[in-house]
Amino acid sequence: MIKDEEKPQTEQIERQRSGMQHHLAAHARAIPPSGIRRFFDLVSASKDKDIITLGVGEPDFVTPWRVRDAAVYSLEKGKTQYSPNAGMLELREAIGQYLYNQFQLTYDPAKEMIVTVGGSEGIDLALRALIEPGDEILVPEPCYISYSPITSLSGGVAVGIETFADDQFKLTAESLQAAITPKSKILVLCYPSNPTGAIMTYEEMLPIAKIVEENDLIVISDEIYAELTFNGKHSSFASLPGMKDRTILVSGFSKAFAMTGWRMGYACGHPDLISAMLKIHQYTIMCAPTMGQVAALEALTKGGLEEKDRMMESYNQRRRLVVQGFREMGLECHEPQGAFYAFPSVRSTGLTSEQFAERLLLEAKVAAVPGHVFGKGGEGFLRCCYATSVSQLTEALERINTFLRSME
Amino acid sequence: MNEFKLSILDLLKEDARLSAATIATMLGAEEASVSAAIAEMEQDHVIVKYATVINWSKVDDEKVTALIEVECTPERGRGFESIAERIYLYPEVKSVYLMSGAYDLLVEIEGKNLKEVASFVSNKLSTIESVIATKSFFILKKYKQDGIIFEEFEDDHRLLVSP
């Protein structure tokens, strides 16, 4: 090996010029920059205080005070130590009870559950515990932006399955069947969906479950928006006949309890899968933050659940307002049945979703995320988060309407 | 009170300026039925007034508010009703509550300054025949009123765009 100082000086200079890129692993370099990040930079660069943003992916509520207070109190009492790797047993038991009450799911808190740093970590753990190089991971799109990059980090191949507004962005059995190859290993589901607001009912998931069974797939079901299901109750994929063992349920406190910054999530599944995920978790994370776990425990008390219900009702009201607003101004908008996003089509304007979002930002001072960043089927749509005050929403709708009229 | 009317009240309580059309959209109801329900509640005095919550401490023309505990002797047959009425008819009086506990009526009085409130208490309130004693407490600062926090410190800290 030739030491650096022995190399010709020009080569050293060349290396300095090229920065540190050559140190990076190929799989890290291969991750494409996030489209949402590009748009974030654009919005942030404008520094215009007058911008109304529908571009967020989180509630407009602050975490209920009782939850914050519980965490503050625990800090005052000096609860600052590690928790067990899988999370405080008390919290896991409360989550188990909650999942049973809400979705009739039964998980053993001791063996089938792990408290994670947000739902994100749960997704990461599940994918890392399951993927071997070359495995194909089926992902209905448009979808949350993380599944594909995390898949490629493990050497897997994400296979997007396009879903369509005509099907209310639900995954159909036909399109799933068509995407399956001998290498297919995992199906990632995220219903209610970010960005489309689509949901899948129990009956609609049954044919999906059949295909999963026939092809021996594992399902990672990201149900972070489960509580935000309107016009009926959410059905977990794990509740379908024979699916509990095949499903890793990933969820958390971010959306339903307005706790995004706390990074509190959980994953539930077969003990074999959870224990493998726990191994990765204990070496990479050790445990989820203890004060966050105390907060999460408070969120699951009667008082916390009442606050959650109050917030859910408020989203539902604003959902109706924003969908009607888009339709009245002539944009096609399928009815989102869950999450807190509307996903109107901007195709009638003749612009791409990126052009539309950029012009909307600069000309109308409304930020919304162009649909193409969420993968196949997202082009031509705009993700608008309606978790913002009624007055802001009304103003944003007026601005979008004026913008549309100016293009006529 | 049915659930529909309660939902309307929940929305109006937060923003009295919401139109019937907006409320109808938010509740997934017909505008006509929202209008009818509101009219009915106005008629029944369920909805008494569409007032504005004002943080007077931010207005130059500042006001002084005091809470007065009033001990009084109830009248045979009418209890505290006529005393309460004699008190609440004064425009200076902002609210009157019949209380359990050590005193009988809690009276909120608003005036231009401390002197004005004090003079109202000594000249008008204490001189009512059945009033035995009064205790005045001046409000120094209002933090929260009718569920509304005055010093809004929970700004929107969210990133403008997030996944």
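Analyst: In this predicted model, helix α6 of chain A is mostly covered, with twelve of its 13 residues buried, that is, having 20 or more other C-beta atoms, placed from the backbone, within 10 Å of their own. Among the buried residues are A:Gly118, A:Ile123, A:Asp124, A:Leu127 and A:Leu130. Helices here are DSSP runs of H or I with at least four residues, strands are runs of E with at least two, and both are numbered from the N terminus.

β4(B) pairs with strand β1 (residues 64–72) of chain B in the antiparallel sense over seven bridges, where pairing requires at least two DSSP bridges, and B:Glu69 stands opposite B:Lys135.

Between the chains, 22 residues of chain A are in contact with 14 of chain B, contact meaning C-beta atoms, placed from the backbone, within 7 Å. On the chain A side, α3 (35–46) and α12 (302–328) each supply at least two residues, and α3(A) gives the most, with five.

Residues are numbered from 1 along each chain as written, and chains are lettered from A and ligands numbered from 1 in written order. Local features need pLDDT of at least 70 and side-chain atom pairs 80 or more, whereas totals for chains, interfaces and linings use all residues.

Notes: Contact = placed C-beta atoms within 7 Å.
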